[in-house]
Amino acid sequence: MNVARGKRRGAVGKAAVAVVCAALLASGCESAGDAGAAAGEKPAAAPAKPKPVRPAWNTRPASIASLGDSITRGFDACSMLKDCPEASWATGTSVDSLARRLLASPGTSSWNHARTGARMADLPEQMRSAVVDKPQLVTVLVGANDACRKNVDDMTTVDDFRADFEKSLRELRTALPKSQVYVAGVPDLRRLWAEGRKSLIGPEIWKLGSVCPSMLADAVSDDAAAEARRVRVEQRVLEYNTVLKSVCERDGLCRFDASVHGYDFSGQALSKWDWFHPSKQGQGELADLAYRTVTAAEPPTA
C-alpha cells in the first residue's frame, strides 16, 4: 500500500511539473538535458539575408533619349548663340556622339529633349516627353543653370534640386521600369572659369552678363568678395552632384558619372563664341566619358 501510494505521488508530481512547464514554455522551462545542452552549446546563427540582386545592365542599348540643358543641345558649338543638336555629345550626327557609337541607326532611334536654359525643375517634363519614345537608355546632364544665376542667392536649393530629380526618376520608373539611366555630373564651373579667363576674349564676352554671371562676373578680379562668390557656387555644384549620386545609387538601373565634373576641359574644348559651353571637340570628349560609363561591365566606383 505504501509503495503504491508513493508511485501515485510520483506520477502526480511529474504530471504537475509537465503542466507547469507547458504553461511556462514561453519563459524557458526546459528539461535537465535541454538545460545542459543550452549551457554547453551556442545557438545556431540566423542565416544571413541575401543581398538584393541588381538588374543586369545592358552595355549596348538600342535607343537613347537625352535630357538636359544647353550643353546637350550643342549651344554655341557650331555658331554664335544658336543650338546645334547635330553636334550634341549625346545624340549628335556630326560628331562621334554616344548615339553614333552605340546605335545602328542613331537618326531614327535617338531623341534630344534637352532645352537651352533648362534647370532641374524642367527635368520631370522632359522625362515625360522621353517616356513616349520608350528608350532603352535615358541620358541626363542638367544642373549648371541651377547654379548659374544672376545672384548666388537665386541658386536652386539643394532640397528642391533633389525633389525634382527624384520626381523625374519616378516618372520614368512608373512608365518604363526597365529603361537605364546615365546621369552626368554637373561640370565644374570654377574650372571652366579658370580655363576661360586665360583667353583675351573670354572675360570680355562674360562682361555682357549673359553667361553664368554667378561664377563669371568680375572674371579677372581676385578680390575677397569675388572669390567668396565663386566658392559659394562651387560648393553648391558639389552639393548637386552629391544629390545626383545618392539618388541614382538607389535605382538599380542608374549610373552616375562623376568624371564629367572632374574632367579638365582645355581651351580647345570650349566654344570660341563664349568660352564656356563645349566646342565640337568638347562635345566629343563628353561623348568619350559617357561611352566609357555606359559600356563598362560594372558601374563607376567614384
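Angles between packed elements are sorted here as roughly parallel under 35 degrees, roughly antiparallel over 145, roughly perpendicular from 65 to 115, and oblique for the rest. The axes behind them are lines fitted to C-alpha atoms, for helices over the stretch in contact, and the angles run from 0 to 180 degrees between N-to-C directions. The structure is a predicted model, so local features need pLDDT of at least 70 and side-chain atom pairs count only at pLDDT 80 or more, while totals for chains, interfaces and linings use all residues. Residues are numbered from 1 along each chain as its sequence is written, and side-chain values use heavy atoms, with hydrogens and water left out.

To start with the overall picture, the average pLDDT (the predictor's confidence in each residue, from 0 to 100) is 88 for the chain, and 82% of the residues score at least 70. Residues 1-39 are another matter: pLDDT there is below 50, and this stretch has four contacts (heavy atoms within 4.5 Å) in the model beyond near neighbours in sequence. Where pLDDT is low, the predicted coordinates should not be read in detail. The chain holds 13 helices and five strands, taken as DSSP runs of H or I over at least four residues for helices and of E over at least two for strands, numbered from the N terminus. Of the 302 residues, 46% are buried, with buried meaning under 20% relative accessible area, exposed over 50%, and partly exposed in between (1.4 Å probe, protein chains only). The exposed surface comes to about 15800 Å², and carbon and sulfur atoms supply 56% of it; these areas come from the Shrake-Rupley method with a 1.4 Å probe, and for residues only the protein chains shown count as cover. Among contacts between residues at least 6 apart in sequence, 72% join residues at least 24 apart.

Next comes the sheet. Five strands make up an open sheet with parallel pairing, in the order S2-S1-S3-S4-S5; two strands pair if DSSP finds at least two bridges between them. S2 and S5 (254-257) are the edge strands, each pairing on one side only. On average, neighbouring strands are turned by 15° against each other, direction ignored. Strand S1 (residues 64-68) pairs with S2 (residues 110-112) over three bridges, and Ile 64 has Ser 110 as its bridge partner in S2.

As for helix packing, what is the angle between helices H8 and H11? H8 (residues 189-196) and H11 (residues 224-249) pack at about 135°, with their axes 8 Å apart, and are therefore oblique to each other. H8 brings Leu 189, Arg 190 and Trp 193 to the contact, and H11 brings Glu 227, Arg 230, Val 231, Val 233, Glu 234 and Val 237.

Finally, the loop between S1 and helix H3 (98-102) includes Ser 94, and Ala 77 has its place in the loop between S1 and H3 too. Ala 77 counts as buried because its relative accessibility is 10%, whereas Ser 94 is partly exposed at 37%. Leaving aside residues up to four places away in sequence, Ala 77 touches Ala 87, Trp 273, Pro 278, Ser 279 and Lys 280. Pro 278 is 201 residues away from Ala 77 along the chain, yet their C-alpha atoms are separated by 6.4 Å. With neighbours within four places likewise left out, Ser 94 is in contact with Glu 86, Ala 87, Arg 100 and Lys 280. Cys 84 lies 10 residues from Ser 94 in sequence and 9.7 Å from it in space, C-alpha to C-alpha.
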